[in-house]
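Okay, thanks for making time, everyone. Let me put the structure up, and then we'll walk through it together.

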Number of protein chains: 2
Amino acid sequence: MAEFFNVLPPAEARAVWLAQVAHRAGVELIAPLEALGRVTAQPLLSPEALPAFARSTVDGYAVRAADTFGASDSLPAYLTVAGEVPMGQAASVAVAKGQAVLIHTGGMIPPGADAVVMVEHTQLFGDGEIEVLRPVAPGENVLQVGEDVVMGAEVLPAGHRIQPQDIGALLALGLASEIAVVRRPRVCLFSSGDELVPPSTRDLKPGQIRDINSGTIASLCLQAGAAPEIRGILPDEAEAFYDALAAALPDADLLVVTAGSSVSVRDMTARTINRLGAPGVLVHGVAVRP
Amino acid sequence: MAEFFNVLPPAEARAVWLAQVAHRAGVELIAPLEALGRVTAQPLLSPEALPAFARSTVDGYAVRAADTFGASDSLPAYLTVAGEVPMGQAASVAVAKGQAVLIHTGGMIPPGADAVVMVEHTQLFGDGEIEVLRPVAPGENVLQVGEDVVMGAEVLPAGHRIQPQDIGALLALGLASEIAVVRRPRVCLFSSGDELVPPSTRDLKPGQIRDINSGTIASLCLQAGAAPEIRGILPDEAEAFYDALAAALPDADLLVVTAGSSVSVRDMTARTINRLGAPGVLVHGVAVRP
């Protein structure tokens with residue numbers, strides 16, 4: 001009886017395969033806005049604290065919290081409005097005891113203040129005065145310096161696949177021009193078999209089938225972040241097989257050949273990989289050259 | 001006390017929003033190989049049966065199953081090899097009683113045969129004869145006509161996001177040149193606030209923060225299959241706000257404005273949407289114009 005293949009369970013096959021796939025794709029610098037789905041090549045550290053200044057998380061009034069202790073609807077705290085924090089500028093007006101300064105969400109906490117009362121918990125009272133109807137604790141509604149990210153902190157580790165929120169974090173820290181990511185691995189795809197015709201073939205002759213592995217695997221590569229290249233259909237002929245694979249080898253991080261990996265005399269993938277002298281793994285009908 | 005917003009739980013807000021987003025993006029024709037992640041605009045029906053001919057799922061010998069009944073290691077069935085099915089061509093040799101025809105995986109089942117014996121269950125025996133060591137049932141190791149897809153079957157429904165395996169199915173059926181997909185919705189993005197500066201700004205002045213919403217939401221749009229366009233930062237100034245949104249309206253399927261949606265006098269998103277006369281939804285600080 002002909003010999004059966006020794007096959008591995010998928011998890012083991014995957015481990016064998018991964019052990020042969022070295023990190024050989026190299027690094028390139030790209031803008032974070034182009035980096036969705038790419039993989040960081042090194043840890044990204046924060047060059048600054050975020051936020052860089054204490055800022056309000058609400059629309060309201062910057063106050064000294066102690067001035068509001070005990071305030072309620074029936075017994076409001078009365079504060080004098082000493083000015084307004086302009087957006088995008090330093091707070092110039094300080095908050096003294098008994099005073100409040102109008103502030104907007106994201107505005108810089110002015111000197112002297114340690115909390116912000118939500119505008120919804122205040123009421124204008126006559127000229128330049130407000131009633132505060134709820135007390136605030138020190139620090140309430142204030143985002144402190146470095147509360148999101150401290151300077152030097154690792155924002156993203158190496159080997160991390162970049163998500164939309166990661167891009168936001170990089171932009172927030174001014175890492176907007178370029179970051180180091182792993183180059184997309186170049187994957188050259190071949191399908192093999194005399195029965196195969198290009199998928200655009202309209203009328204099949206008896207015995208012919210369309211090559212779908214190239215397109216399907218190319219799509220899987222795209223989804224996984226690789227750069228696939230469909231190199232076409234290999235005939236069941238040893239020299240053509242060898243020539244096509246040898247020609248692709250210098251350009252590729254990975255050659256993937258589908259079919260041609262069984263025990264028939266027409267199955268040339270394993271033999272061709274051996275002849276190429278490149279490390280190769282035969283996986284479930286898919287031969288991969290890392 | 002100032003009035004609080006009436007806010008909706010996320011699921012309700014999403015329903016309100018989706019009810020306003022009509023399917024207005026239109027349809028375009030693209031090649032299946034470009035269609036990963038795109039959404040089908042109409043159901044795709046199979047123009048043919050798959051497979052179009054009965055084919056072998058293994059390397060082995062096409063036989064009449066009845067000729068192998070009772071075969072075992074100790075009492076093999078002896079069959080005469082009548083020829084070979086060439087790959088990619090019609091099977092020309094018929095299988096008569098007592099005969100076998102060499103066949104490869106994917107090869108067309110020859111007339112007369114109704115099963116395939118795996119090569120691993122056979123042994124060459126002298127000249128042009130084989131021993132069959134295991135019986136096969138009729139239909140064993142044969143993929144019948146239309147077993148994957150019958151002609152006219154719905155391969156993909158309308159509104160389906162196309163995955164790698166879907167692309168394989170389309171190619172298999174010869175739907176390789178173009179398919180109808182929903183055009184990517186064009187989303188114009190604005191951030192608003194005098195405190196905002198472009199994320200490329202290196203040294204922030206006190207009170208300034210970098211615009212990260214545009215880049216983050218653009219990345220979320222890309223991930224969701226939309227075509228985002230970052231239109232920049234709007235100042236807290238009603239006319240500039242209106243002019244920028246009005247200019248973007250003809251180009252866009254969606255305008256997204258972040259911030260400017262609270263109760264402060266500087267919050268101009270809702271007012272601007274009303275003034276534009278376009279349907280708009282204020283969502284959690286994100287105003288969307290479907």
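So, which residues in H4(B) meet which residues in H5(B)? In H4(B) they are Phe241(B), Tyr242(B), Leu245(B) and Ala246(B), and in H5(B) they are Thr272(B), Arg275(B) and Leu276(B). Contact here means that the C-beta atoms, placed from the backbone, lie within 7 Å. By class that contact has 5 nonpolar, 1 polar and 1 charged residues. For the classes, Ala, Val, Leu, Ile, Met, Phe, Trp, Tyr, Cys and Pro count as nonpolar, Asp, Glu, Lys and Arg as charged, and the others, Gly among them, as polar.

Quick housekeeping. This is a predicted model, with local features needing pLDDT of at least 70 and side-chain atom pairs counting only at pLDDT 80 or more, while totals for chains, interfaces and linings use all residues. Residues are numbered from 1 along each chain as its sequence is written, and chains are lettered from A and ligands numbered from 1 in the order in which they are written.

Back to the helices, which are DSSP runs of H or I, at least four residues, numbered from the N terminus. In chain B, H4 covers residues 238-248 and H5 covers residues 269-276; their axes are 10 Å apart and the packing angle is about 55 degrees. The axes are lines fitted to C-alpha atoms over the stretch in contact, and angles run from 0 to 180 degrees between N-to-C directions. That angle makes H4(B) oblique to H5(B); under 35 degrees would be roughly parallel, over 145 roughly antiparallel, 65 to 115 roughly perpendicular, and the rest is oblique. The H4(B) and H5(B) crossing is right-handed, so the near helix is turned clockwise from the far one by less than a right angle.

Now, how do the two chains relate? Chain A superposes on chain B by a rotation of 180 degrees, with 0.0 Å of shift along the axis and an RMSD of 0.1 Å. That's what a two-fold axis does. In chain A, Gln223(A) has the C-alpha nearest the axis, 5.6 Å from it. Both copies use the same surface, and 100% of the contact residues of chain A recur in chain B.

Last bit: domains. An automatic or database assignment sets the bounds, and chain A gets domain 1 (10-25 + 184-289), domain 2 (40-48 + 149-181) and domain 3 (55-143). The C-alpha centres of domain 2 and domain 3 of chain A are 35 Å apart.

Note on methods. Least-squares fit on C-alpha atoms with pLDDT ≥ 70 in both. Contact = placed C-beta atoms within 7 Å. Helix = DSSP H or I, 4+ residues; strand = E, 2+ residues; numbered from the N terminus.
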